[in-house]
Structure formats: structure tokens, C-alpha cells
Amino acid sequence: MERPGLYVHVPFCREKCPYCGFFSVPRLSMLPQWMAALPREADFYRGAFDAFDSLYIGGGTPSILGVEELAALSTALRRRFSFTRDAEITLETNPKDLTPEKARGLRALGFNRLILGVQSLDDDVLRFLGRTHNAFEARAALDHARDAGFPVIGVDLMYALGDPVLDRRWGETLRAVLEYEPEHLSCYTLTIEPHTVFEARTRKGVLNRTGETDARRLFLETTTFLEASGYHHYEVSNFAREHSLKARHNQKYWRHTPYLGLGPAAHSFLGKRRWWNPSSIRRYCKAIEAGVQPAEGWETLTDDQIALEKVALGLRMREGFRLDPALSRRIPAERLLRLEEEGLIELHGDRVRPTLKGMLVADHLPLELLP
Ligand code: SF4
């Protein structure tokens with residue numbers, strides 16, 4: 001049984017990026033209330049989970065918090081939960097926030113994995129994405145993180161932006177980022193999320209989506225280039241320099257391992273049960289101040305739902321999923337053989353793995369397998 005992971009959602013950003021569908025607000029007025037509420041939410045779960053082997057502080061922009069605030073948060077969590085000695089401790093960081101002093105302070109606090117929201121090293125792309133940092137600041141942040149001695153530096157990037165000129169320059173960003181030898185890379189294609197500025201622009205026809213053919217070509221070129229540079233493509237959007245550098249925490253989401261999420265909009269999963277907090281800082285804090293668990297929704301997954309999720313999530317990872325007896329009964333053998341013949345999956349003993357071609361259509365594959 002794999003150990004559980006702990007997630008903390010910091011729902012604050014300096015500005016709202018026009019493409020962003022994550023829950024965060026561009027003001028800090030409720031930060032003190034959120035800081036006070038979070039340990040009290042953690043109190044509800046004392047003793048409910050085994051020792052965590054990962055802590056992921058994400059958002060929003062967690063690096064908006066100072067080292068002292070992160071130290072207080074970390075102390076509050078360690079008082080309530082146990083962590084394994086080798087726990088992976090991750091902080092998502094906006095390049096603009098990372099001074100050399102802050103990088104050293106975060107490392108001294110015990111963070112061993114820093115994920116930098118670089119997105120691009122091209123100022124035109126950063127302006128297009130409405131980011132608050134520029135390429136110079138992103139390069140400086142990469143240097144500060146390395147100088148501070150983080151064992152794992154991860155870089156988040158975006159491509160397939162729907163602009164042919166910018167899309168042609170994607171390779172330059174990738175090559176430039178590799179000069180910093182990041183241990184981990186997440187390369188996301190731009191998704192137009194509902195209720196975002198980008199969605200409104202798309203509706204008005206002033207923003208385009210990258211066509212399917214071009215998006216597939218960019219995906220294949222990205223994988224080919226990164227694999228030739230020594231990276232393992234272990235999930236649709238994720239690459240690691242060594243197998244041991246794969247994101248331990250994120251793999252829990254893809255493998256149905258238990259996790260606890262604290263903070264507004266955070267999700268948790270234990271046994272067959274999933275629950276989630278309100279996407280509202282006010283409602284979240286109000287519930288906790290009233291002594292009530294803030295979860296606003298929950299569900300108990302049926303065996304069929306668990307099977308579908310195992311297949312859907314497994315087909316996003318190179319390792320695929322295990323065809324256990326329950327799944328063998330659900331998935332008709334002729335469907336497996338057809339997808340294998342079409343070059344979308346590979347069958348290795350009791351494992352079903354997507355090929356690169358299969359990962360390209362990872363969203364549709366589960367429906368092809370499960371009747
Ligand atoms: S910084 Fe990140 S979380 Fe905040 S608005 Fe931009 S993309 Fe969203």
C-alpha cells in the first residue's frame with residue numbers, strides 16, 4: 001500500500017492570468033483568515049491518514065507567502081501529522097518571487113522540490129499569456145533555485161498557444177530551458193478553460209486554438225526532443241530526468257493513492273470516498289470558524305467508477321494500468337486486441353500501457369476499452 005500525500009491549496013495570486021481556471025483570487029485581504037483556518041481544518045483529520053510521504057503546497061501562488069509564513073504553516077502541519085523522513089516536499093513558485101535569500105530560506109525550511117511556473121523563456125509568449133514575470137526573471141529564478149541547492153527543480157511550460165508565430169518558437173524555449181538541466185518538466189498545451197478571459201476572447205474570435213494536427217505534431221516533437229535529451233516521458237504532460245525524479249505526489253492522483261487536500265477548493269480521497277472544499281475563501285473560513293468541517297461535496301465511488309478512473313488515469317501514464325481480475329472481467333479481450341493492432345496500446349503480461357500514439361488520444365481511449 002502506497003503512503004498518502006498531503007496537498008495545501010494557497011488560493012491567492014497577485015493578478016489573475018487570463019487563461020487560468022484554477023481557484024485563486026487576485027487579492028490578499030483574506031490571507032490572515034486563511035492562515036488561521038488552515039491548521040484548524042487540519043485538526044479534523046488528525047489520525048485519519050498514515051504518515052505522509054509527500055507534501056505539495058500549490059495554488060494559486062504559494063510563493064506569495066514569505067518564508068516566515070511558510071515556516072508557520074509547515075510547523076502547524078508537522079504538529080498535526082507525521083511525515084516520512086524521505087518525504088517529497090514541494091512548493092509551486094512564481095519566478096518573480098524567488099530572490100536568492102528566499103530560495104535559501106525555502107531550502108533551509110526543508111523544501112526539496114521547487115516547481116517554477118516559468119511557462120516560457122520568450123517575452124512575447126509571456127505577454128500573450130498575461131504573466132507578471134518576464135524571461136529575464138524566469139532565468140534568474142532558475143539560477144537562484146540551483147544556487148540554493150534544491151535537489152529537484154521542476155519547470156512548468158506551456159505550448160500550442162493557437163498563434164502560429166509563437167508556436168513556431170516553442171522549440172527555442174525548450175532548448176533554452178534545458179540549459180538549466182531541470183530535473184523535471186511539465187509541458188502543458190494551452191486549454192481554454194470555462195469562465196476565463198481566454199474563453200471570452202475565443203468566443204469573440206480574437207483568440208484561436210491550435211488545430212488538432214498542429215497540436216499533435218508539437219506534442220510528438222516535444223516528446224522526441226526531450227527523450228533524445230535524456231528525459232523519461234512518464235505521463236502525458238510530464239517528463240523526469242531519472243525515474244526516481246518523477247513527481248511522487250502527483251502520481252498519487254493518477255494511481256488512486258489516498259491524499260488529503262487542505263484549503264479552499266482542495267480535494268481529498270480515502271478508500272472509496274472523495275470529498276472537496278468550497279471554491280470560496282469566505283465560505284471555507286466561515287465553516288471552520290463555526291467549528292464545522294468545510295467539505296462542501298463528497299461521493300463514494302462505485303466499483304464501476306473506480307474501474308473507469310483506473311483505466312482513464314492509467315492510460316495517461318507510460319506505466320499504464322494493471323489488468324487485475326476485476327478489470328479483466330469488464331474489458332472485452334477483443335477491444336484490447338483491436339487497440340493493440342491499431343498501435344494505441346501495448347500489452348505486457350498483466351499490464352496495459354499506452355503507446356505514444358495512444359497518449360495523444362488519452363482522453364478518448366478509456367471509452368474505447370470499457371463498454
Ligand atoms: S499565477 Fe497560476 S494560479 Fe495564479 S492566476 Fe496565474 S496561472 Fe492561475
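## Helix H1 against helix H11

Helix H1 (residues 31-43) and helix H11 (residues 281-289) have axes that come within 9 Å and cross at roughly 50°. Axes here are lines fitted to C-alpha atoms, for helices over the stretch in contact, with angles running from 0 to 180 degrees between N-to-C directions. Helices (H or I, at least four residues) and strands (E, at least two) are DSSP runs, numbered from the N terminus.

H1 passes H11 in a left-handed crossing, meaning the near helix is turned anticlockwise from the far one by less than a right angle. On the H1 side, the contact uses Gln33, Trp34, Ala37, Arg40 and Glu41, and H11 brings Ile281, Tyr284, Cys285 and Ile288. Contact means C-beta atoms, placed from the backbone, within 7 Å. Sorted by class, the residues of this contact are six nonpolar, one polar and two charged. Ala, Val, Leu, Ile, Met, Phe, Trp, Tyr, Cys and Pro count as nonpolar, Asp, Glu, Lys and Arg as charged, and the others, Gly among them, as polar.

## About the model

This is a predicted model, where local features need pLDDT of at least 70, side-chain atom pairs count only at pLDDT 80 or more, and totals for chains, interfaces and linings use all residues. Residues are numbered from 1 along each chain as its sequence is written.

## Helix H2 against helix H3

The axes of helix H2 (residues 67-80) and helix H3 (residues 100-109) come within 10 Å and cross at roughly 10°, so H2 and H3 are roughly parallel to each other. Val67, Leu70, Ala71 and Ser74 of H2 meet Lys102, Gly105, Leu106 and Leu109 of H3. Five nonpolar, two polar and one charged residues make up this contact.

## The ligand and a cis peptide

Around the ligand sit Cys13, Lys16, Cys17, Cys20, Phe22, Ser24, Gly59, Gly60, Thr61 and Gly117, each with its C-beta atom, placed from the backbone, within 6 Å of it. The shell has four nonpolar, five polar and one charged residues.

Two of these names turn up again: the peptide bond from Gly59 to Gly60 is cis, with omega near 25°. Gly60 is in the loop between strand E2 (52-59) and H2.

## Positive phi

Ala160 isn't a glycine, yet its phi is positive, about 55°. Look for Ala160 in the loop between strand E5 (152-159) and helix H6 (164-168).

Conventions
Two residues are in contact if their C-beta atoms, placed from the backbone, lie within 7 Å. Angles under 35 degrees count as roughly parallel, over 145 as roughly antiparallel, 65 to 115 as roughly perpendicular and the rest as oblique.
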